[in-house]
Amino acid sequence: MSHPSKAAEFLKDQAKSHWHDETLWFVRDKRDKISKSIPEWENLRTLASGLKDYVLNNLDSLLLDFEANAKKNGIHVHWAVDAEEHNQIVHSILEKHDCKAIVKSKSILTEECHLNPYLEKRGIEVVDTDLGERIVQFLQQPPSHIVLPAIHLKKADISKIFHEKLQTEKGNEDPTYLTHAARLHLREKFLKAKVAITGVNFGVAETGEFVVCTNEGNADMGVHLADVHIACMGIEKIIPRRKDLGVFLRLLARSATGQPITNYNSHFRSPEPGKEIHIVLLDNGRTRQLARDKFKNSLKCIRCGACMNTCPIYRRSGGYSYGSTVPGPIGSILSPGIDVKKYSTLPFASTLCGSCSDVCPVKINIHEQLYEWRQEITKANPDLAKGMSMKMASGIFTSPLAYKISGSLMRKSLKALPKSIIYNPLNVWGKERDLPNPPKESFKEWYKKNRP
Amino acid sequence: MSSRDQIIQAIQKVKPDNQTLPEIPEFRVPEDLLATFILSIEGNKGQVVSKEDFSSWLKEKGYSKILSNSDRLEVSNLQILPSDPHELAELELAILDGQWASAENGAIWLDDTQLRLRAIPFITEHLVITIPESNILGNMHQAYDKIGAAHSSFGVFIAGPSKTADIEQSLVIGAHGAKSLTVVIV
């Protein structure tokens, strides 16, 4: 299913989609305010971007350093070329410890690998412990946003599923009440789990340590009570030095939610006595993306989600309309690198306004890459990318006469046509927007009359 | 070929010319570090009390299950540190000494030396962290300068209580970890 048709689904509930739009804009606004409170904000972005350029250009040696140092610290390091191998590695560690139930903190990477269904098929109970992720897990849905997994849901939806799963009072929609019910429920799971899985925000080559950031404290509750900690990390999450964390931690939470830092920023260097830490380093298409000159710097992403919060398309079409693990602008340049056919409509789900690039803390030229992907996709398969209205436009642009006639026709018809035609389902871009008042004459006509 | 070698080779095949690693310059820091730090902690939904007010604060709270690793505050009737963190499931208050703090965001650094058991600041219902005023630094760069060379098996920057906004973006304090953070300036 294409992005436009799934976006249309989302827009059916107008009140909810309007709320979604406004709420994400509110988060974007918080990001603006807090970024402006730091005079060196732009310097930090440039620094972070430069550091990530260095990382992408020296990924081999940094990964090898990271591996050597992590091993020296008593951490087990595993390498996985793809999702299948990643899941096998995780499963084999669980088997070795005869573990039938795990707790997991937010990890977009394990979503990317579809680890949950893989483990569940093998009889292992997986409990997502981030509140938003637990909510969507109850509903058997994927997260719709990488930082705000349940942003597509209203508290009434959450109250209903909690009543069913956690026996909370029927109709009690108070966020505090619901959150504390989840706290009690998840505490039981934390206290029982023998193995905990987390993602990784940053891996430090110099020290072999890795950093996990949360506000809820769920990653730490899981790993410090369990005997075994498995950390799943994309190979691009490496940074050179410990002090580089200063740059990235200053940018991450400010860009993500407009707060100065996440409340817990844990640095794991070696296991607690008697315990184990495993790191799984995952490629899964990342080296392929690295080889694409135009698209490689999409790998600089630190997963803050700022580009989603600012994107006029994401805000109005919801995370699910993208059908990819990472939605929004950054997802629309990462996903075609994984499967260009499946995600062919995503680079078109953008107005190319450039707001995503403006807010990106590591200065990825997201909108330019969206444009580049459009070129690639159209070249590879002219029919694949174009919807009905695009096809009509391409016919008009190839004939100068048709272009002239269609222009005057359009100016007249925009006034005359009933909204039902402009907002016809065939015209996916007409939905939920108003067209400007058409000018009386074209620039060409005006120039003819007014030229000196 | 192993997966490791396969990944490394794929990277090396497209490796461009060498590039230098950017250096991190010094940035200006707030003038009044203590005032900025207090504002940051409060912004993160924590609270700050002075050393003088601490004992009356503690008395008022009336916690009975208290664990302290602090060398800076004197508290009586403490629990004994268990070897298994699961025994801390009912812990009401933990008191820990922070090493360094960053004024710009309220982040306080603690490592294994202070924690002894890594689970303590997360499993406890409420958390107190002490910090000497002279250990409050300007920003995260200064904090990493201080801790950069230390070999902490585990270390954490804590900046506030456990919180979430996953239900309709409404802020709720006390998701999984400590329901409150009280910073005592010593």
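In strand β3 of chain B, residue I95(B) has S68(B) standing opposite. For chain A the mean pLDDT is 91, with 88% of the residues at 70 or more, although two stretches described at the end fall below 50.

**The sheet in chain B**

- Strand β2(B) and strand β3 of chain B, the latter covering residues 93-97, run parallel and are joined by 3 bridges.
- These two strands are part of an open sheet of 5 strands in chain B, whose order is β1-β11-β6-β3-β2 and whose pairing is parallel.
- At the edges of the sheet stand β1 (47-50) and β2 (66-68) of chain B, and because each has a single partner strand, one side of each is left without a neighbour in the sheet.
- If direction is ignored, neighbouring strands of this sheet are turned against each other by 20 degrees on average.
- Helix α3 of chain B, which spans residues 51-61, packs on the sheet and touches both β1 and β11 (180-185) of chain B, while its direction makes about 110 degrees with that of β1(B).

**The make-up of chain A**

- Chain A contains 23 helices and 10 strands, and of its 452 residues 48% are buried.
- When contacts in chain A between residues at least 6 apart in sequence are considered, 73% of them join residues that are at least 24 apart.

**The nonpolar core**

- The largest nonpolar core comprises 159 residues, and the residues with the most contacts inside it are M233(A), F248(A) and V280(A).
- Helix α12 of chain A, residues 244-257, supplies the largest share of this core, namely 8 residues.
- Both domain 1 (3-11 + 292-385) and domain 2 (38-284) of chain A contribute at least three residues each to this core.
- Beyond its neighbours within four places in sequence, V280(A) is in contact with several residues, including H78(A), A80(A), H86(A), I230(A) and M233(A).

**Where to read the model with caution**

- Over residues 391-397 of chain A the pLDDT is below 50, and this stretch has 7 contacts in the model beyond near neighbours in sequence.
- Residues 421-427 of chain A also have pLDDT under 50, and for them the model has 9 contacts beyond four places in sequence.
- Where pLDDT is low, the predicted coordinates should not be read in detail.

Definitions and conventions: Residues are numbered from 1 along each chain as its sequence is written. Chains are lettered from A and ligands numbered from 1 in the order in which they are written. This is a predicted model: local features need pLDDT of at least 70, side-chain atom pairs count only at pLDDT 80 or more; totals for chains, interfaces and linings use all residues. pLDDT is the predictor's confidence in each residue, from 0 to 100. Two strands pair if DSSP finds at least two bridges between them. Helices (H or I, at least four residues) and strands (E, at least two) are DSSP runs, numbered from the N terminus. Axes are lines fitted to C-alpha atoms, for helices over the stretch in contact, and angles run from 0 to 180 degrees between N-to-C directions. A residue is buried if 20 or more other C-beta atoms lie within 10 Å of its own, exposed if 12 or fewer, and partly exposed in between; C-beta atoms are placed from the backbone. A nonpolar core is a set of buried Ala, Val, Leu, Ile, Met, Phe, Trp, Tyr and Cys residues joined through C-beta atoms within 7 Å. Domain bounds come from an automatic or database domain assignment.
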